[in-house]
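Reader: I would like to learn how to read a protein model. Can we take it one feature at a time?

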Amino acid sequence: MKICVIGAGYVGLVAGTCFAESGNDVICVDVNEDKVEGLKKGIIPIYEPGLKELVLRNSGEGRLSFTTDLPSAVKASLINFIAVGTPPGEDGSADLKHVLEVARVIGREMESFKIIVDKSTVPVGTADRVREAVIEEHDKRGVSIEFDVVSNPEFLKEGAAIDDFMKPDRVVIGTDNVRTAEIMKEIYSPFMRKSNRLISMDIRSAEMTKYAANAMLATKISFMNQIANLCERMGADVAAVREGIGSDSRIGHDFLFPGVGYGGSCFPKDVKALVKSAEECDYDFVLLKAVETVNERQKLVLTEKIAARLADGSVAKPLAGRTFAIWGLSFKPRTDDMREAPSVVIINRLLEMGAQVRAHDPEAICEATKIFGDRIGYSNNQYEILKGADALAIITEWSEYRNPDFEKIKTLLKHPLLFDGRNLYEPRRMSLAGFEYFPIGRNGN
Ligand SMILES: NC(=O)c1ccc[n+]([C@@H]2O[C@H](COP(=O)([O-])OP(=O)(O)OC[C@H]3O[C@@H](n4cnc5c(N)ncnc54)[C@H](O)[C@@H]3O)[C@@H](O)[C@H]2O)c1
């Protein structure tokens, strides 16, 4: 099948590569010339485990190519996946300018039947707007060429994106056209060999499904963060509570880990966009507004613990003269993505309070430098940054932090103080190892 994927970011590059891996001819299009030039040379613009090998193999075998030439790619393909960014606009709603711009180009350039697939996360009703944009261009050209618009939201997780795409929990296809549904089924069939996990529905329900999924996950996180904060105040242990409730099959064990709040390119913007969509139809989504407020507060829980233990009482710069070592910058492990990462809020707060910060991350230092510049120090060695620091704070749960050399940490730090935003260690073990340990929702000392 001839496929064009427009937007070669986290979603488009993974989707395009996986479609090529299953034998299709795929052209990935992006407006970013440097990105496209790099991809042509095998330089992968993001860190995603397993992606590089697949890109190299499929490009090498001629099934995957990269271009900035959208008109030619549209003409050459039957299916056009739109996978461009949908960042939040000023009012929180999803900004559709990239999606609609692509739709207009498709309308201007197509010469035969096309299936246009919205893979970007877009609000309910966007497929209609894409259809209108294409028809407007046809009208300008004085032509009428058949096409179909499909909603096919993406559910991959950064850090496990290849696996999620190749072995999805489900693939949602929103279309009201039987022929198009069959074609979509065909291109996803290589990923459904064990069992059929393709769910067909109407377009609006497919668009809503993506937002409902992310909003539900964000709600779970904020809920658990509030339970953790309450556990701390009431002398309960959130780790025990998590096991206790997770074993209820109606609740399940996933997504019940408290921490420093959710981040990334999806949950924050999708929660905001759904609240905004609700407002537009005069519905007050109070629950999701609270989810967002809780998340904003949760990002400051770690710095509040730090200030309570180490502040010198001065109002302006209570952490002046203190140095903190940070483990983990990306919004979650196994990605270099820093979009909306809690580390940004936490580090900025520490800097505001007068502290100095040195950070380690296995993959995100390059991205972090774009945000913090030389306001903080960086190292590729997780122990080096501990030398003479007042405390260690853990923000992202990379696996290399799970079983570190505690003796070495203690020797290098000025004080054996560990603020753990991800509850990586057992409080009892930490106390036996001589640490003052501050986890989330557990009694550390
Ligand atoms: N990142 C995720 O984990 C994830 C998961 C599921 C869904 N999504 C959704 O998928 C969409 C894309 O997300 P992403 O993280 O891949 O974004 P991204 O920012 O990594 O990639 C978007 C790409 O689109 C390109 N682009 C913008 N305008 C273009 C145009 N007119 N023509 C061609 N290319 C253009 C950009 O240069 C960029 O490379 C968003 O709607 C997002 O919400 C993301």
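Reader: Is R334 buried, partly exposed or exposed?

Author: This is a predicted model, and what follows is computed from it. The idea is to look at the relative accessible area, where under 20% is buried and over 50% is exposed. R334 has a value of 45%, so R334 is partly exposed.

Reader: Where is R334 found?

Author: R334 lies in the loop between β9 (323–327) and α14 (342–352).

Reader: With which residues is R334 in contact, leaving aside its neighbours within four places in sequence?

Author: The contacts of R334 are with Y47, E48, P49, G159 and W398. Take G159 as a case: 175 residues separate G159 from R334 in sequence, yet their C-alpha atoms are 4.4 Å apart in space.

Reader: For the protein chain, what share of contacts between residues at least 6 apart in sequence join residues at least 24 apart?

Author: That share is 73% in the protein chain.

Reader: By what are two packed helices described?

Author: By the angle between their axes and the distance between the axes. Here is one case: the axes of helix α1 (residues 10–21) and helix α3 (residues 51–60) come within 10 Å and cross at roughly 50 degrees. Helices α1 and α3 are therefore oblique to each other. The crossing in which α1 passes α3 is left-handed.

Reader: Which residues make the contact of α1 with α3?

Author: From α1 come L13, V14, T17, A20 and E21, and from α3 come L51, L54, V55, R57 and N58. The residues of this contact comprise six nonpolar, two polar and two charged.

Reader: At roughly what angle do the axes of α6 and α9 cross?

Author: The axes of helix α6 (residues 126–141) and helix α9 (residues 203–234) cross at roughly 120 degrees and come within 9 Å. Angles of 65 to 115 degrees count as roughly perpendicular and those over 145 as roughly antiparallel. The helices α6 and α9 are therefore oblique to each other. Their contact is made by T126, A127, D128 and R131 of α6, together with I203, R204 and E207 of α9. The residues in the contact of α6 with α9 divide into two nonpolar, one polar and four charged.

Reader: What is the phi of D282, and where is the place of D282?

Author: Phi of D282 is near 55 degrees, a positive value in a residue other than glycine. D282 belongs to the loop between α11 and α12 (286–298). The relative accessibility of D282 is 77%, so D282 counts as exposed.

Key
Residues numbered from 1 in each chain as written. Predicted model: local features only at pLDDT ≥ 70, side-chain atom pairs only at ≥ 80, totals over all residues. Heavy atoms only, no water. Axes fitted to C-alpha atoms, helices over the stretch in contact; angles between N-to-C directions. Helix = DSSP H or I, 4+ residues; strand = E, 2+ residues; numbered from the N terminus. Parallel < 35°, antiparallel > 145°, perpendicular 65-115°, else oblique. Left-handed = near helix turned anticlockwise from the far one by under 90°. Contact = heavy atoms within 4.5 Å. Nonpolar A, V, L, I, M, F, W, Y, C, P; charged D, E, K, R; others polar. Buried < 20%, exposed > 50% of the residue type's maximum accessible area, 1.4 Å probe, protein only.
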